[in-house]
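Reader: Hi! Could you walk me through this one, rings and all?

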Amino acid sequence: MNKKALSIFVLSIIGMGLVSCKKENKAQEQVILSDHPKDGIDSVAHISPSVSEEVAMPAQSQEPSTTIALSESNFDFGKIKKGDKVEHVYEVTNTGKNPLVISEVKPGCGCTAPDFTKEPIMPGKKGKITLHFDSTNFEGNVQKYADVFANVEEAPVQLTFTANIQP
């Protein structure tokens, strides 16, 4: 195997490890690279899962921390018809002394899509986080969530909603 092909192979393996949703609890994973030590490359490379986990973590804001108040952290849509696309707006208030910066809103599954105030929310001012839910693939009672990453001490803040999906 030539060095260029070997490099592409190694980068592909590392790339798959970085974007994988599945986290392994192994201390190390081994990837066989080559049976030919004459290539000048070790035949086994060790990839630490902690590198993958560090990359997968949402970006933490470097802004000074502040405090946040939510109009509500849980919302009940009640009964909705299967296939309905619904949304709810959660109001957030910056109750601290520094600007509130929401860096990311990460839903628990692909059925939920977030929108949120991107610019800093000044002390005493309000912002919004909207969660859009597509009920197409669900029936019965469901509970979903989204994690809000911001420059607050108790990040992430979790928003939840429930719905009773009727056929």
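Author: Happy to; we can start with the overall layout and then turn to the aromatic rings. This is a predicted model, where local features need pLDDT of at least 70, side-chain atom pairs count only at pLDDT 80 or more, and totals for chains, interfaces and linings use all residues. Residues are numbered from 1 along each chain as its sequence is written, and side-chain values use heavy atoms, with hydrogens and water left out.

Reader: Great. How many helices and strands are there in the protein chain?

Author: The protein chain has 2 helices and 10 strands; these are DSSP runs, H or I of at least four residues for helices and E of at least two for strands.

Reader: And the aromatic pairs, how many turn up?

Author: The whole structure holds 4, counting Phe, Tyr and Trp (its six-membered ring) when centres lie within 6.5 Å, with planes under 30 degrees apart called stacked, over 60 edge-to-face and the rest tilted. Phe75 and Phe77 are edge-to-face, because their planes stand at 85° with the centres 4.9 Å apart.

Reader: Is Phe77 buried or exposed?

Author: Phe77 is buried, at 15% relative accessibility, while Phe75 is partly exposed at 22%. Buried means under 20% relative accessible area, exposed over 50% and partly exposed in between, using a 1.4 Å probe and protein chains only.

Reader: Which ring else does Phe77 pair with?

Author: Phe161, also edge-to-face, at 5.4 Å centre to centre and 80° between the planes. Phe77 lies in β4 and Phe161 in β10, 84 residues apart.

Reader: Switching topic, what sits over the ring of Phe116?

Author: The charged end of Lys118, 4.0 Å from the ring centre; the criterion is NZ of Lys or CZ of Arg within 6 Å of the centre and within 35 degrees of the ring normal.
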